[in-house]
Amino acid sequence: MIELYRVCKEYSNGQLALKDINLHVPMGQMVFLIGESGAGKSTLLKILYKGEEFTSGRVLIGRVDISRLIDYSQLRRRIGLIFQDASLLPHLTVFDNVAYILRAQGASEREIRYRVEGALNVVGLLDKAKEMPQHLSGGERQRVGIARAIVTNPPILLADEPTGNLDPVNSLKIFQLFKEINEKLQMTMVIATHDPRVHQLRKRIVQISNNQITMDTEPSNLPMFGSLVL
Amino acid sequence: MKSLRMLVRVFAESGLGLWRSGWLNAVIISILMSTLIVFGIMLEFSVSLKKIASNLLGSQNEFAIYLKDSVPPQSIIDRLKNFSEVVEVKIISKEDAWTQTKKLVQIDFDNSLNSMPNTIVVKVRRVNEAAPLVNKIKTWEVHEHISYAYEYIKKLNVIKHFAILIGSFISVLLAIATFVINFNTIELVIRARKEELNLLRFMGVTNWFIKGPFVVQGILYGLVSSLAAGSILLALDSFARYNWKKVIFESLGLIDFFWPSSEELTQILIILTLAGIAFSSASSFWATERRLSV
């Protein structure tokens, strides 16, 4: 569970990034953060994985107050991260990119093979395991990024503009993949995007405008979009 | 088992890091190696200077009395034995001195030409006891000459201390240079991979798994550079030993007077290797501590 209570973020130059954010994301829920560029979506995500500090308020992840953490790696190991540009390590194959975190955690080679193949299978890239990232398309690279994020089976998945660099067709495929992962693996997901089509997924949508939450809509309140539902 | 596996992976990451650095490795190792070669040469030079001074200063608690022909050596020896500060008395007869001279100049002079005096070499317990005893013996008026170069020994002592001081200063300077070169190298590598390292941090990769490979990389730079520097020094020494030394020193009868021995050279190479590894690992550790906040 993710809980934010009156969270504010102000930069040293006085610029406000987030103002009085109250947000509760129950376990296993998928939430889309939408809003224009600079609204504060990415900042909110960064606060969750300790990529940035918040100025005031409280943030609890799994009932742990993250402002009291000393070793951030403990928190980060419970979170799978997906970035806009996939951020793959260019010198490693698809398999090794996904396996990296498992190797760093001391998993055995047997366990690594089992888990990596499983994750690549989920994203449909098992046949590309030996490829280098530069030989993949944008959509495929993002899928590898997703496989890397889920390979440790973390309870939380955070994605920051995961379709920002993709064409509409690939974007829809990625969103569909997120939905499948959420339903199959029951991961709590917070996805920041400015893609308006996320309404079609009938998941919770939180809108951020001018650094504040201006709308929080549960799936039951969302209008249907007929034939475009994925 | 898990710890060992992690350790092996840290080394594997270091290997990968070295491979990715490509030609930069050669540049870094060359710079470090050159610094260590200078360091090694300075060490050899310092050892040589100390050796010269020690060889010359080895006799500073000894002096020689060249007796008048009319004075029987035994009577002087008996008198000298009464002094508690005298620990050893050696006599070189005029015949022995003559034989040695003929051998040195390699000319077989007739013995009738022997003008060498009987010589008594006296060794005292402490250096400061030599000068007063020399003055006392001078009052006996049994000598043609007493050989004790007090001022010369004093100057040599100054040179010896100066050599040690200069050697230490240069060593510190080169140690700092080694440290700075390696520190900057590791810092450059960290900066070049900043985004990638940030990504690893956010993925929850542990502190030492990120920092470890850089420290190992620094140690490897130090090890390879110092071994290469040591090999080059050894080659230079062998070349000089079998060419210049033979020509210059052996012909002048100064064998091993100046040149560091094999044992001393081994010591220099060990110091060089240890210093290379120590400074490189310390600097890479410091660079990761300063530039990698995980």
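Visitor: How much space lies in the second largest cavity, and what makes it a cavity rather than a pocket?

Guide: In this predicted model, about 100 Å³ of space lies in the second largest cavity. The word cavity applies because a 1.4 Å probe fits at its points but cannot get out, whereas a pocket is an open set.

Visitor: Which residues line the second largest cavity?

Guide: The lining includes A:Arg76, A:Arg77, A:Ile79, A:Gly80, A:Leu81 and A:Arg148 from chain A, together with B:Phe202 and B:Met203 from chain B. Strand E6 (79–82) and helix H5 (138–150) of chain A each supply at least two residues of this lining, and E6(A) gives the most, with 3 residues. By residue class, the lining divides into 6 nonpolar, 3 polar and 3 charged.

Visitor: What is known of the largest cavity, its volume and its lining?

Guide: The search of the whole structure finds 3 cavities of 30 Å³ or more, and the largest has a volume of about 170 Å³. Its lining consists of 17 residues, and those nearest its centre are A:Tyr100, B:Glu13, B:Arg193, B:Glu196 and B:Pro213. Helices H1 (2–21), H7 (194–202) and H8 (207–250) of chain B each supply at least two residues of that lining, which divides into 9 nonpolar, 4 polar and 4 charged residues.

Visitor: How do you know that the span of helix H4 of chain B agrees with its number of residues?

Guide: Helix H4 (residues 94–105) of chain B has 12 residues, which at 1.5 Å a residue should span 16 Å, and because its end C-alpha atoms are 17 Å apart, the two values agree. The helix is followed by B:Gln106, whose phi is positive, near 60°.

Visitor: Which residues of H4(B) are buried, and why are they said to line one face of the helix?

Guide: The buried residues of H4(B) are B:Lys94, B:Ala97, B:Trp98 and B:Lys102. Seen down the axis of H4(B), these buried residues fall within an arc of 135°, and therefore they line one face of the helix. The buried residues of H4(B) pack against strand E2 (86–92) of chain B, while the face turned away from the buried side carries the exposed residues B:Gln100, B:Lys103 and B:Leu104.

Visitor: Why is A:Thr188 called buried?

Guide: A:Thr188 has a relative accessible area of 1%, and buried means under 20%, so the term applies. The residue is found in strand E8 (residues 188–193) of chain A. Not counting residues up to four places away in sequence, A:Thr188 touches, among others, A:Ile2, A:Val25, A:Met27, A:Pro155 and A:Leu157.

Visitor: What makes A:Asn210 exposed?

Guide: The relative accessible area of A:Asn210 is 61%, and exposed means over 50%, so A:Asn210 is called exposed. A:Asn210 lies in the loop between strand E9 (204–209) and strand E10 (212–217) of chain A. From C-alpha to C-alpha, A:Asn210 and A:Leu18 are 8.1 Å apart in space, although 192 residues apart in sequence.

How values were computed
Residues numbered from 1 in each chain as written. Chains lettered and ligands numbered in written order. Predicted model: local features only at pLDDT ≥ 70, side-chain atom pairs only at ≥ 80, totals over all residues. Heavy atoms only, no water. 1 Å grid on protein atoms, 1.4 Å probe; cavity = no way out; pocket = protein on both sides within 12 Å on 5 of 7 lines; lining within 4 Å. Points joined across faces, edges and corners; volume = space filled by probe spheres on them. Helix = DSSP H or I, 4+ residues; strand = E, 2+ residues; numbered from the N terminus. Nonpolar A, V, L, I, M, F, W, Y, C, P; charged D, E, K, R; others polar. Expected span 1.5 Å × (residues − 1). Buried < 20%, exposed > 50% of the residue type's maximum accessible area, 1.4 Å probe, protein only. Arc of directions from axis to C-beta. Contact = heavy atoms within 4.5 Å.
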